[in-house]
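Morning, everyone. I have one chain to walk through, so please look at the screen.

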Amino acid sequence: MPVYEYRCAECGAVTGKLASVKAIPSEVQCACGGTASRIVSKPSVHLSKGSKVARLDPKYDAMVDKAMRDTPTADPDRLINRRGDIAKGRSE
């Protein structure tokens, strides 16, 4: 269920309300007793680590590469390499 935001006409406080898409209230009661009207809020976007790295400024590529080379624990494949061959312990 999405969270809708409402701004009070009297105190200006912004309140969030969890509501179904089919039953979106146009106004809600504020904690101060006033009426709060629905406002348009910023969307929330969650990016993966890969897309965050892809959005980096190209001038940081050399710095990231150097940090990866200088820090063995920063290698993303280290867990896969440490795990070994997964086919070895299987009985066929």
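Which residues is Ile 24 in contact with, leaving aside its neighbours within four places in sequence? The answer is Tyr 4, Tyr 6 and Arg 38. Contact here means heavy atoms within 4.5 Å.

Some ground rules. This is a predicted model, in which local features need pLDDT of at least 70, side-chain atom pairs count only at pLDDT 80 or more, and totals for chains, interfaces and linings use all residues. Residues are numbered from 1 along each chain as its sequence is written, and side-chain values use heavy atoms, with hydrogens and water left out.

Confidence next. pLDDT is the predictor's confidence in each residue, from 0 to 100. The protein chain has a mean of 77. In the chain, 78% of residues reach 70 or more. Strand 4, residues 35-39, has the highest mean among the elements, at 91. Helix 3, residues 78-83, has the lowest, at 56. Where pLDDT is low, the predicted coordinates should not be read in detail.

Now the layout. There are three helices and four strands. From the N terminus, the order is β-β-β-β-α-α-α. These elements are DSSP runs numbered from the N terminus: helices are H or I with at least four residues, strands are E with at least two.

Back to Ile 24. Its place is the loop between strand 2 (14-18) and strand 3 (27-29). Ile 24 counts as partly exposed because its relative accessibility is 32%. The scale is this: buried is under 20% relative accessible area, exposed is over 50%, and partly exposed is in between, with a 1.4 Å probe and protein chains only. Val 3 is 21 residues away along the chain, and its C-alpha atom is 9.8 Å from that of Ile 24.

Glu 27 sits in strand 3. Its relative accessibility is 49%, so Glu 27 is partly exposed too. Beyond four places in sequence, Glu 27 touches Tyr 6, Thr 35, Ala 36 and Ser 37.

What makes up the largest nonpolar core? Seven residues: Tyr 4, Tyr 6, Cys 8, Ala 19, Val 28, Cys 30 and Ala 36. Strand 1, residues 3-8, gives the most, with three. A core is a set of buried Ala, Val, Leu, Ile, Met, Phe, Trp, Tyr and Cys residues joined through side-chain atoms within 4.5 Å. Across the chain, buried residues make up 9% of the 92.

The accessible surface comes to about 8,000 Å², with 55% belonging to carbon and sulfur atoms. Areas come from Shrake-Rupley with a 1.4 Å probe; for residues, only the protein chains shown count as cover. Val 53 lies in helix 1, residues 49-54.

On contacts between residues at least 6 apart in sequence, 26% join residues at least 24 apart. That's my tour. Over to you.
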